[in-house]
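Reader: Could you take me on a close look at the sheet in this model, and at what packs against it? I would enjoy one connected walk through that part.

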Amino acid sequence: MTDIVEIYTDGACSGNPGPGGWGALLRAGSKEKELSGFDPATTNNRMELTAVIEALKALKRPVTARVHTDSQYVQKGISEWIHGWKRRGWQTADKKPVKNADLWQTLERLAAQHRLEWVWVRGHAGHEFNERVDALARAAIEKGRGK
C-alpha cells in the first residue's frame, strides 16, 4: 500500500495586489520536500492557487494525497464552485468572468491526475505545517524583493 502524500500550501501577498509569495510542503512517510516562489505583482488568491498548482506539478506520478490549505477560496473553489463555473462557461452566478480562471483550469487539470482530499485548516492558529508553509511564502516575498 502506498503512503498518502500530505501536501500543505499557503500564499501570501504584501499588499493585495502587490508582491506575493507561495510555499508548499510535500510529506510522504519520512520524506519531505519544500517549495516556494515569488511574483512581483499578484494577489493573495493567485498565490494560494499557485502554491497548490506547484505542489501538484512536483509530484512525479499519480498519488493519493490530502491537500491542506488555509484558503477557503481554494478549498471550496476546487471542491464546490468549479462545477458551476464550468457549466456556465467560466462565469460566476451573476454572469461575470471567474477571477483567476487560468489558474483554476490548470489546477483542475493537475488535480484530475491524482486522488485528492481537500482539507481546510485555520490559518495562523499554530498548526505546525501551515505555519511552516506560511513562513516559506513570506520568505519568498522578502527574497524576491531583495531583502
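Author: Happy to, and let us start with a helix. Helix H2 (residues 72–87) lies across S4 and S5, and its direction makes about 140° with that of S5. Contact here means heavy atoms within 4.5 Å. Axes are lines fitted to C-alpha atoms, for helices over the stretch in contact, with angles from 0 to 180 degrees between N-to-C directions. Helices (H or I, at least four residues) and strands (E, at least two) are DSSP runs, numbered from the N terminus. Helix H4 (residues 128–144) also packs on the sheet, where it touches S1, S2 and S3, at about 140° to the direction of S2.

A word on the source: this is a predicted model, in which local features need pLDDT of at least 70 and side-chain atom pairs count only at pLDDT 80 or more, while totals for chains, interfaces and linings use all residues. Residues are numbered from 1 along each chain as its sequence is written, and side-chain values use heavy atoms, with hydrogens and water left out.

Now the sheet itself. It is open, with 5 strands in the order S3-S2-S1-S4-S5 and mixed pairing; two strands pair if DSSP finds at least two bridges between them. S3 and strand S5 (115–120) are at the edges with a single partner strand each, so one side of each has no neighbour in the sheet. From one strand to the next, the twist averages 20°.

Strand S2 (residues 18–28) has 9 of its 11 residues buried, where buried means under 20% relative accessible area, exposed over 50% and partly exposed in between (1.4 Å probe, protein chains only). S2 runs antiparallel to strand S1 (residues 5–13), with 8 bridges, and antiparallel to strand S3 (residues 31–42), with 10 bridges. Leu25 of S2 is the bridge partner of Tyr8 and also stands opposite Glu34 in S3. The hairpin of S2 and S3 has 2 residues between the strands, and Gly29 in its turn has a positive phi of about 60°. Elsewhere in the sheet, strand S4 (residues 64–69) runs parallel to S5 through 6 bridges, and Val67 stands opposite Trp118 in S5.

Tyr8 also brings us back to H4. The ring centres of Tyr8 and Phe129 are 4.9 Å apart and the planes are at 40°, so the pair is tilted; rings of Phe, Tyr and Trp (its six-membered ring) pair with centres within 6.5 Å, and planes under 30 degrees apart count as stacked, over 60 as edge-to-face and the rest as tilted. Tyr8 in strand S1 and Phe129 in helix H4 are 121 residues apart, and both are buried.
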